[in-house]
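Please look over the sequence and the 3D view before reading on.

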Amino acid sequence: MRLSRYFLPVLKENPSEAQIVSHRLMLRAGMIKQSSAGIYSWLPLGFKVLKKIEGIVHEEQMRAGHIPLLMPTMQPAELWKESGRYDDYGEEMLRINDRHGRDMLFGPTNEEMITDIFRAHVSSYKDLPLTLYHVQWKFRDEIRPRFGVMRGREFLMKDGYNFDLTKEDALHSYNRHLVSYLRTYERMGLQAIPMRADGGPIGGDYTHEFLVLAETGESEVFYDSAVTDLTFGDREIDYDSVEECQGVLEEFTTKYARTDETHDEALFNEIPEDRRRVARGIEVGQIFYFGTKYSEALGATVQPGDGKPEPVHMGSHGIGVSRLLGAIIEANHDDNGIIWPEGVTPFHCGIVNLKQGDEAADGACDDLYKALTAAGLDPLYDDRKERAGGKFATMDLIGLPWRITVGPRGLKNGVVELTSRRTGESEELAPEAAVAKIIEVYKDHPTPRGF
Ligand code: ATP
Ligand code: MG
């Protein structure tokens, strides 16, 4: 993309309404525009990152054997009356009447609707196990929407639902989700720590929240610092293997890590003192096993062999897709702007032309652009007639991990400059070598193509 043809409405001034850095930077980098409290338009740069994050979520869900579908945002109230949650859910649920006076609602989550789909189409135990998921907009009428996309009213969530014959099978589904979530967050350059949590309105005895440590996080967390040494890395895992998934769950959840809802001071004090940590975190996902709560209420049963129909065992599993943008920025920025991890960056690299209109510089930039594009990468070429300082400031603000700077002086010596946004380090290279290096870097970060 050529910046002169793109739509990147960056702000010069710090917007006064933003209380935390990710919100401020998303507004300044022209990623989002508030339309009303907690509801945002996703401008091109924000949309691009949102879709990359969504793409990684899809890839990792499908890798784990989960099946995508799409349910509507608007739901009939009847289903929620059947489960008993219509009255329980409270004021966070946006209730709407259609022209015929029917009670509708904008879905805050989809346990009822997916169970309705299941009961309509599945009755044989041979169709199990089954995990269906979607990535869809949710609406929760949060009393205090704040921090930009972190606590919105309309937000994008991946929510998945497993259906299993037995509790044992459903716990394998639970473990499989935990493993796939670890992989998902790491691909985005994030460490998200699974922490014992509380069931809340969804209910259930087994639940973990995934937290990204950040001072601005809304949750208070207590953990053994040894959990921060754990990484999933590039290990291969067989998602069908009960032992392997169980092993990963144990590895990542045995050490003490809890949110304030389940915190146990006595257990916490058993951790060696120098490893006890009290901090804040951003919840970027949660997994639940809740047994037959919804399958019983809605009559989602299967017949095991020749026995009588039994309600299926279920769990639900959510990832805060739009909240993740905020969480990633909270964890990756400096005073000059965002620093995107390679896995989710909107453009793979920036090209800055120091002297637009100079024949050699323009030609070299065009060649770089073509070479990167031909390699399947997506560069952003700042071809505007602007001062170098302004161009650098924009690149730093929008946080592309790599920048190639091209100027007539370097070209005379046959070099361009390749700069890492994260370390600030630069090296002079022949243009072909800079392209080769960027291609190499992204081999380890397969990202969905994006928009
Ligand atoms: P919270 O405790 O932050 O209100 P929750 O526990 O009610 O969230 P879940 O039902 O577990 O949320 O939803 C799954 C994920 O969706 C959460 O882990 C979070 O990342 C994201 N999410 C929930 N509420 C919001 C919101 N208002 N804005 C943006 N993302 C949200
Ligand atoms: Mg939650």
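Q: What percentage of the 451 residues in the protein chain is buried?
A: This is a predicted model, in which local features need pLDDT of at least 70, side-chain atom pairs count only at pLDDT 80 or more, and totals for chains, interfaces and linings use all residues. Residues are numbered from 1 along each chain as its sequence is written, chains are lettered from A and ligands numbered from 1 in the order in which they are written, and side-chain values use heavy atoms, with hydrogens and water left out. Buried means under 20% relative accessible area, exposed means over 50%, and partly exposed is in between (1.4 Å probe, protein chains only). By that cut-off, the buried share of the 451 residues is 54%.

Q: How many helices and strands does the protein chain have?
A: Helices (H or I, at least four residues) and strands (E, at least two) are DSSP runs, numbered from the N terminus. For the protein chain, the secondary structure comes to 14 helices and 23 strands.

Q: Why is the protein chain described as being as compact as a globular protein of its length?
A: The radius of gyration is taken over C-alpha atoms, and the globule rule is 2.2 Å times the number of residues to the power 0.38. For 451 residues the rule gives 22 Å. The chain is close to that value, so it counts as compact as a globular protein of that length, with a radius of gyration of 24 Å.

Q: Among contacts between residues at least 6 apart in sequence, what percentage joins residues at least 24 apart?
A: Contact means heavy atoms within 4.5 Å. Take the contacts in the protein chain between residues at least 6 apart. The share joining residues at least 24 apart is 72%.

Q: Which residues does S22 touch, not counting residues up to four places away in sequence?
A: S22 lies in helix α1. It counts as buried because its relative accessibility is 1%. With that sequence limit, S22 touches M150, G326, I329 and E330.

Q: Which residues are the protein donors of the magnesium ion (ligand 2)?
A: Donors are N, O and S atoms within 2.8 Å of the metal (3.2 Å for Na, K and Ca); water is not among the atoms, so sites may look incomplete. The protein donors here lie 1.9 to 2.2 Å from the ion. One of them, E283, is partly exposed at 24% relative accessible area, whereas Q286 is buried at 10%. The donors are E283 (OE) and Q286 (OE1).

Q: How many disulfides are counted?
A: A disulfide is a pair of cysteine sulfur atoms within 2.5 Å. The sulfur of C349 has its closest cysteine sulfur in C365, 11 Å away, so this is too far for a bond. C349 is buried at 1% relative accessibility, and C365 is buried at 0%. The count is zero.

Q: What kind of aromatic pair do W42 and W137 form?
A: Rings of Phe, Tyr and Trp (its six-membered ring) pair if their centres lie within 6.5 Å; planes under 30 degrees apart count as stacked, over 60 as edge-to-face and the rest as tilted. The structure holds 15 aromatic pairs. For W42 and W137, the centres are 6.4 Å apart and the planes 50° apart, so the pair is tilted.

Q: Where in the chain do W42 and W137 lie?
A: The pair links distant parts of the chain, 95 residues apart. W42 is buried at 17% relative accessibility, while W137 is partly exposed at 25%. W42 is in strand β2 (residues 39-42), and W137 is in strand β7 (residues 130-139).

Q: Which residues form one aromatic cluster?
A: Y206 and Y289 form an edge-to-face pair, 5.5 Å centre to centre with 70° between the planes. Y206 is in strand β10 (residues 206-213) and Y289 in strand β13 (residues 276-291). The cluster consists of Y174, Y206 and Y289.
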